[in-house]
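Colleague: Could you please take me through this model? I would like to begin with its strands.

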Amino acid sequence: FEEWHAEPSPDGRTIIFEGNDGGDRELYLLSFRRGVYDLSNHFEADWNPVWEPESRFVAFESFREGHRGIYQVYTD
C-alpha cells in the first residue's frame, strides 16, 4: 500500500492523507482520538485533499459519474 499527500489540519488535531489500501485512491483521516478511518469511502478515486481554514471539512478532487469535480466531506 502507498500513502501520499499527508496534510495536518489547521487546528493540529488530525492529519488527512491519500492511500490505496482499499484498492483505489481514498482519503483517510488520522485522528488521535478516533484512530485512522476512510473519510471519502467511495469506489471512485479521490485525491488532492485541502483543509478548510477552521478544520471542519476537506475539499478534494474525484471522478464520479463520469465527471471530474471538486467535492467536500465533513471530518466528523
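Modeller: Strands here are DSSP runs (E, at least two residues), numbered from the N terminus, and two strands pair if DSSP finds at least two bridges between them. This is a predicted model, in which local features need pLDDT of at least 70, side-chain atom pairs count only at pLDDT 80 or more, and totals for chains, interfaces and linings use all residues. Residues are numbered from 1 along each chain as its sequence is written, and side-chain values use heavy atoms, with hydrogens and water left out.

Colleague: What is the strand order in the open sheet of 4 strands?

Modeller: The order is 1-2-3-4, and the pairing is antiparallel. Strand 1 (3-8) and strand 4 (35-38) are at the edges with a single partner strand each, so one side of each lacks a neighbour in the sheet.

Colleague: How many bridges join strand 3 to strand 4?

Modeller: Strand 3 (residues 26-31) is joined to strand 4 by 4 bridges. Leu30 has Val36 in strand 4 as its bridge partner.

Colleague: A change of topic: where is Glu52 found?

Modeller: Glu52 lies in the loop between strand 5 (46-51) and strand 6 (57-64).

Colleague: Is Glu52 buried or exposed?

Modeller: Glu52 has a relative accessible area of 10%; buried means under 20%, exposed over 50% and partly exposed in between, with a 1.4 Å probe and protein chains only. Glu52 is therefore buried.

Colleague: Which residues does Glu52 touch?

Modeller: Leaving aside residues up to four places away in sequence, Glu52 touches Pro10 and Phe57, where contact means heavy atoms within 4.5 Å.
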